[in-house]
Amino acid sequence: MSRVGVGRTGRALVTLVGAGVLGFAAMLLWPAPESAPRLGGLRAPPAPALDVPAPTRLERDPDLSMWSVVNRAATALTGPGAGAALARVHTRTPEGTDNLVLVKRRARDARGRVWVEARLPVLPNGTTGWLPRDALGGYRTVRTHMIVDLRRATAVLTRGGRRVFRARVGVGLPQWPTPRGRFYIRNKLVRYRSSFYGPLAFGTSARSPVLTDWPDGGFVGIHGTDRPDLLPGQVSHGCIRMRNSDIVRLGRLMPVGTPLTIR
Amino acid sequence: MEELSFDRLDADGALREAAERAGVMSRGTFLASALGGTAALLGVAAEPAAGQGASDVAILNFALTLEYLQSSFYTEAERMGMLRGRAAEAAEVVGAVERAHVKAFHDVLGSKADPRPSFDFQGTTENQNAFLKTAVAFEDLSVEAYKGQAPRLQAKAALAAALSIHSVEARHAAWMRYLFGVEPAGRAFDQPRSKQQVTRVVNSTNFITSSPSTERKRMPSYTG
């Protein structure tokens, strides 16, 4: 029994000594909570100026659309690297801005070359075609989407799926209908002298199916008006007209490359 | 990584501008104008030589531009969905980290942060081999750039931040080198690159481009 008692005392002593050694070691190794000099003259490290947040993986974004400028003129084909020629796609728009296309998807041809299927600003409306990747510039993204409802005569802009703009609009008369379909915003014209078009005009990839001999190809625009009294309703040659205050507001909200749905 | 064929020019010189600011901004101008609210975040206000913070801001903006370059590259690669296997996985993980770096720099620089330039990665995000080759070049360059700029930082807090990112970039470099099939760590000592050297390499890629001209003063000819 006495051996057992001595053993307990001995273990307790060893435990105490061990704890002391560990505590001393911890004092040497553990960073001091304050910046006072420690053993060896070392101070606690300064707090970094940056607070780097935890990395977050990219989530699939259903509202994300991608567009690209046309860096060199190319012929759009019906398939990636194959098929019939659909249209010649140029580097500039009739308005003198960089031409752009809305990117749908990518694929490789038999030789491994990358091709891009893009929505094109050509007739018939809604045409998509395949362009060589190296004819296009860098990809750019938008999270906006413009939806024009011809029956209700409304234009709605969403960003990230949430409505950020709504206006009553004028659309094409029955003899000059605004085309339905999926298009995109191609450019933005500003500071011109025309009360007819209002203070600002967006160019779209939509084209009038009837005014084919219109100057510069008969593209449909979204612009202001000098006749707000006619809105809303069927009043135009195919363009989407809105009050000047609305188009100015839209000019601040809608980036070029925004997909446009006319239904 | 001169063996990687970077052969074009930086169109709008975003990186060059940031680098020039990092090298030529007068340190003495800091108290007068440069930092404002950023000073406290950087911890430079408490530094004995507080007038040296302006160069820190310029250096951090130089680093931010490199982080923009990397985060945009990996994000685009992931969105393209053309990579496979370990390269695709690496693009997702490293992209998330680079985006976190961008956010951190934005938070600390506030209104002094340079805007994100426009990029054209010229198809390197859509080709497995080109992606890895470019990723190795970016990560090596980033490590060398941090190494080159860290000793120039005046605020200890900024230095601590740079070092904490530098080691992460070094891990990325080793990872991408391994995936590309080149030795991850063959040297006993790494050399820094000066801002001029880094800028020269990035300029030669032409990955930083000018913004497209999509707005014009011109009378519309739409159908009306």
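In what order do the elements of chain B run from the N terminus on? The order is α-α-α-α-α-β-α-α-α-β-β, giving eight helices and three strands in chain B, where helices (H or I, at least four residues) and strands (E, at least two) are DSSP runs numbered from the N terminus. The model is predicted, so that local features need pLDDT of at least 70 and side-chain atom pairs count only at pLDDT 80 or more, whereas totals for chains, interfaces and linings use all residues. Residues are numbered from 1 along each chain as its sequence is written, and chains are lettered from A, and ligands numbered from 1, in the order in which they are written.

Of the 224 residues of chain B, 50% count as buried (20 or more other C-beta atoms within 10 Å of the residue's own, with C-beta atoms placed from the backbone). Contacts are defined by C-beta atoms, placed from the backbone, that lie within 7 Å. Among contacts in chain B between residues at least 6 apart in sequence, 78% join residues at least 24 apart.

Beyond its neighbours within four places in sequence, B:Leu60 is in contact with B:Phe105, B:Val108, B:Leu109 and B:Ala158.

In helix H8 (residues 195-205) of chain B, the buried residues include B:Val198, B:Val201, B:Val202 and B:Thr205. Just after H8(B), B:Asn206 adopts a positive phi of about 60°.

Between the chains, 46 residues of chain B are in contact with 55 residues of chain A. H5(B) provides the largest share of the side of chain B that touches chain A, 11 residues. The residues of that side comprise 21 nonpolar, 13 polar and 12 charged (Ala, Val, Leu, Ile, Met, Phe, Trp, Tyr, Cys and Pro count as nonpolar, Asp, Glu, Lys and Arg as charged, and the others, Gly among them, as polar). Strand E12 (residues 181-190) of chain A runs parallel to E3(B), to which three bridges join it; pairing of two strands requires at least two DSSP bridges. Opposite A:Leu189 stands B:Arg216 in E3(B).

Key: A residue is buried if 20 or more other C-beta atoms lie within 10 Å of its own, exposed if 12 or fewer, and partly exposed in between; C-beta atoms are placed from the backbone. Two residues are in contact if their C-beta atoms, placed from the backbone, lie within 7 Å.
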